[in-house]
Amino acid sequence: MRRELPTGTLETLRDDVSSFFPPRLRSILLGLSLDVWGRVEEIRLRLGRPLALNLGEGEVFVDARGRAVDARAACAVSADDLQRTVQLVTGASLYAVEDELRQGFVTVAGGHRVGFAGRVILDGRKVRTIKHLAALNFRISREVRGAADAVMPLLIDGSTVRHTLIISPPRSGKTTLLRDAVRQLSDGIPALGFPGVTVGLVDERSEVAGCFRGVPQRDVGMRTDVLDACPKAEGMMMLLRALSPQVIATDEIGRREDVGALEEVLNAGVSILATAHAASVDELRRRPVFRDLLALGIIERFIVLGRARGPGTVEAVIEGRALRREAAAAC
């Protein structure tokens, strides 16, 4: 469920995010109401197209005074707007962010992620960089303390953490919820008598901890070690070998090697907290990688999120043993 951020927090967010845009666009963004800043998830710039805000419930176009208007009356993004925004988010050096650009995005101070579209340059069959940038998506990172309150009792069994998979469609709040769950597991939860544990976080897309130059920009807890921009399977093995975590957390598993790494984590006696894109457990079953994961019986609890009452709404909680019984009965 959506939680309102305090006014002071929204003003700080507004000022921080607006600083990444050139004066003309910055003026528009600073003129938006705090109610809009409480809801905006993405700011989209497309060359020659209307300036657009994604407010979660849908996209709106805005004019030079920051008012929601029809696309034909909206402020059109110019080449100068786009070029100067790129300069601000890259520190005026595309070369300095070349490694990140291969993945299609850069993470800026504050943990916000900026995705780019343009002409992709290949080196063999691998992406070398993106040139002639024609669009960008400024995805706003929010830290919502307490976002995971409703699910924390579901994750904990005494002093241990259940092997848990959080699933949801895109933009349903699972990364925000995962971030807060990691923080609470790491810091401890006095209300539940949980003392806090060492957490290893593999943050392949820099979205959970929002690292900038390796330093988390979001509070992921006092006992959390972060491997930023690291492939999930490799990162989980690195954490096991070097950092002795009691819990390993990662966002959006989906490759076969991820499942193999989860087996290794389980065999090492470390708890798993992960997320995956899917609207339901039935959808997971239809994907071969997750079918294998379900068959292994690794996951003790599945938490299904949706947007029925805002991002992060818990739609269902499913016990892993129930799924194993169903799978056995189907054989």
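## Basis of the model

Residues are numbered from 1 along each chain as its sequence is written, and side-chain values use heavy atoms, with hydrogens and water left out. Because the model is predicted, local features need pLDDT of at least 70 and side-chain atom pairs count only at pLDDT 80 or more, whereas totals for chains, interfaces and linings use all residues.

Helices (H or I, at least four residues) and strands (E, at least two) are DSSP runs, numbered from the N terminus.

Two strands pair if DSSP finds at least two bridges between them. Strand β10 (residues 164–168) runs parallel to β15 and is joined to it by 4 bridges; Thr164 stands opposite Arg301. With strand β16 (residues 313–319), β15 pairs in the antiparallel sense over 6 bridges, and Ile303 has Val317 as its bridge partner there. The hairpin of β15 and β16 has 6 residues between the strands, and within this hairpin Gly310 takes a positive phi near 100°.

Most residues other than glycine have a negative phi, and most peptide bonds are trans. His132 has a positive phi near 50° and is found in strand β7 (residues 126–139). The relative accessible area of His132 is 61%, so this residue is exposed.

Glu252 is not a glycine either, yet its phi is positive, at about 60°. Glu252 is placed in the loop between β13 (247–250) and α9 (256–267). With a relative accessible area of 18%, Glu252 is buried.

## Cysteines

A search of the whole structure finds 0 disulfides, a disulfide being a pair of cysteine sulfur atoms within 2.5 Å. For Cys230, the nearest cysteine sulfur is that of Cys211, 12 Å away. Cys230 counts as buried at 10% relative accessibility, and Cys75 is buried with a relative accessible area of 7%.

## Pockets

On a 1 Å grid over the protein atoms alone, a pocket is an open set of points with protein on both sides within 12 Å along at least five of seven lines, and lining residues have an atom within 4 Å of a point. Grid points are joined across faces, edges and corners, and a volume is the space filled by probe spheres set on the points. The largest pocket has a volume of about 910 Å³. Its lining comprises 41 residues, of which Ser172, Gly173, Lys174, Thr176 and Pro311 lie nearest the centre. Helix α7 (174–187) and strand β16 each supply at least two lining residues, and α7 gives the most, with 5 residues.

The second largest pocket has a volume of about 360 Å³. Of the 20 residues that line the second largest pocket, Val97, Glu100, Thr107, Phe212 and Arg213 are the closest to its centre. The largest share of this lining, 3 residues, comes from α4; α4 (79–90) and β5 (105–107) each supply at least two residues.

How values were computed: Buried < 20%, exposed > 50% of the residue type's maximum accessible area, 1.4 Å probe, protein only. 1 Å grid on protein atoms, 1.4 Å probe; cavity = no way out; pocket = protein on both sides within 12 Å on 5 of 7 lines; lining within 4 Å.
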